[in-house]
Amino acid sequence: MDFWPEFLANSWGREFVAGGFGGIAGIISGYPLDTLRIRQQQSSKAGSATSILRNVMATEGPSALYRGMAAPLASVTFQNAMVFQIYAVLSRAFDSSVSAKDPPSYQGVALGGFGTGAVQSLILTPVELVKIRLQLQNNSYTKLHQADPYKGPVSVVKNILKTEGLKGMYRGLTITLLRDAPAHGFYFYTYEYMREQLHPGCRKSGQESLNTMLVAGGLAGVASWVSCYPLDVVKTRLQAQSLSSLQQYTGIVDCFRRIVKDEGYHVLWRGLGTAVARAFVVNGAIFSSYEIALRCLFNNGSIQTENAI
């Protein structure tokens, strides 16, 4: 009966809940664009995001754009809460010379983000594996390589455990680690740097406007995706394949060499426009929702706003 009052009475609990709100806002706002990005990355014949969208709407319906969302949505509260918690700890641990009353240094921010991304990959790999398998379902790739359609996230997990074992749930762990560690360094560094540039002094006062949160968060997402996008393309190819796939990549280097040889270097940037658009929307929503929820929880619902950046 007294769990929630006690849980929200400490800063960890409030930050956990705020992180959950941020994650949910990010998933819902950007999932359709994420589906388009995955399909662009997987096939050289997929076409532009607009053509994929038209084809999906005509042949599969609007719900196809949200296929597989249950997996990341179910884990997003815990995942996002852990990300913000780990970042808060590591950003100070890597630069202990900064006073607890002052914001972490930019060096601490970058290193803390790097460490956060590395830890997050352990949680994210199985979730993204399930998501990608569902997002690619019913397209030309799946029709060639998969006999029976998945009914949902549970169906995917059961199939992977049955055919590939527990190890199969962590297919793509190494490439996810290589992608997320540096990307999160860029992510948090860009956010902290841009919010301070847009609203001088806000890193210490914590009173930036909603516009600042949206723009700084959006730019942070763009910076992180641009820095890691080729690795994300390789990750998608590796996680899309199963033991029954006709085309088998033996590892990261083999996948990189073969897709470049077959499709050219431009394949490593296919879908970047869609990813960047999604990143700006999603991460603006994540940071805004997180900061606003945190202010409500810490200030009893009082949110200070400003009219301009």
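Residues are numbered from 1 along each chain as its sequence is written. In this predicted model local features need pLDDT of at least 70 and side-chain atom pairs count only at pLDDT 80 or more, while totals for chains, interfaces and linings use all residues, and side-chain values use heavy atoms, with hydrogens and water left out.

Reader: How many helices and strands does the secondary structure of the protein come to?
Author: Helices (H or I, at least four residues) and strands (E, at least two) are taken as DSSP runs and numbered from the N terminus. From the N terminus on, the elements run α-α-α-α-α-α-α-α-α-α-α-α. The count is therefore 12 helices and 0 strands.

Reader: What share of the contacts with a separation of 6 or more comes from residues 24 or more positions apart?
Author: A contact here means heavy atoms within 4.5 Å. Among the contacts in the protein with a separation of 6 or more, residues 24 or more positions apart account for 74%.

Reader: What percentage of the 309 residues is buried?
Author: Buried means under 20% relative accessible area, exposed means over 50%, and partly exposed lies in between, with a 1.4 Å probe and protein chains only. Of the 309 residues in the protein, the buried ones make up 50%.

Reader: Which residues are the closest to the centre of the largest cavity?
Author: On a 1 Å grid over the protein atoms alone, a cavity is a set of points where a 1.4 Å probe fits but cannot get out, whereas a pocket is an open set with protein on both sides within 12 Å along at least five of seven lines; lining residues have an atom within 4 Å of a point. Grid points are joined across faces, edges and corners, and a volume is the space filled by probe spheres set on the points. The search of the whole structure finds 1 cavity of 30 Å³ or more, and the volume of the largest cavity is about 600 Å³. Of the 30 residues that line the largest cavity, the closest to its centre are Gln79, Gln120, Leu124, Glu128 and Arg278.

Reader: How many charged residues are in the lining of the largest cavity?
Author: Ala, Val, Leu, Ile, Met, Phe, Trp, Tyr, Cys and Pro count as nonpolar, Asp, Glu, Lys and Arg as charged, and the others, Gly among them, as polar. By these classes the lining of the largest cavity has 15 nonpolar and 8 polar residues, and the charged residues number 7.

Reader: Which element gives the largest share of the lining of the largest pocket?
Author: The largest pocket has a volume of about 770 Å³, and of the 28 residues that line it, the closest to its centre are Glu192, Arg195, Arg203, Glu291 and Leu294. Two or more lining residues come from each of H4, H8, helix H9 (202-205) and H12. The largest share, 6 residues, comes from H12.

Reader: Which residues do salt bridges that share partners join into one network?
Author: Aspartate 180 forms a salt bridge with arginine 179, the closest N and O atoms being 2.7 Å apart. Aspartate 180 counts as buried at 3% relative accessibility, and arginine 179 is also buried, at 4%. Through shared partners, salt bridges join into one network Asp34, Arg37, Glu128, Lys131, Arg179, Asp180, Asp232, Lys235 and Arg278.

Reader: Is arginine 237 buried or exposed?
Author: Arginine 237 is found in helix H10. Leaving aside neighbours within four places in sequence, arginine 237 is in contact with Gln41, Gln42, Tyr249, Cys255, Ile259, Glu263, Val267 and Arg270. With a relative accessible area of 3%, arginine 237 is buried.

How values were computed:
Salt bridge = Lys/Arg side-chain N within 4 Å of Asp/Glu carboxyl O.
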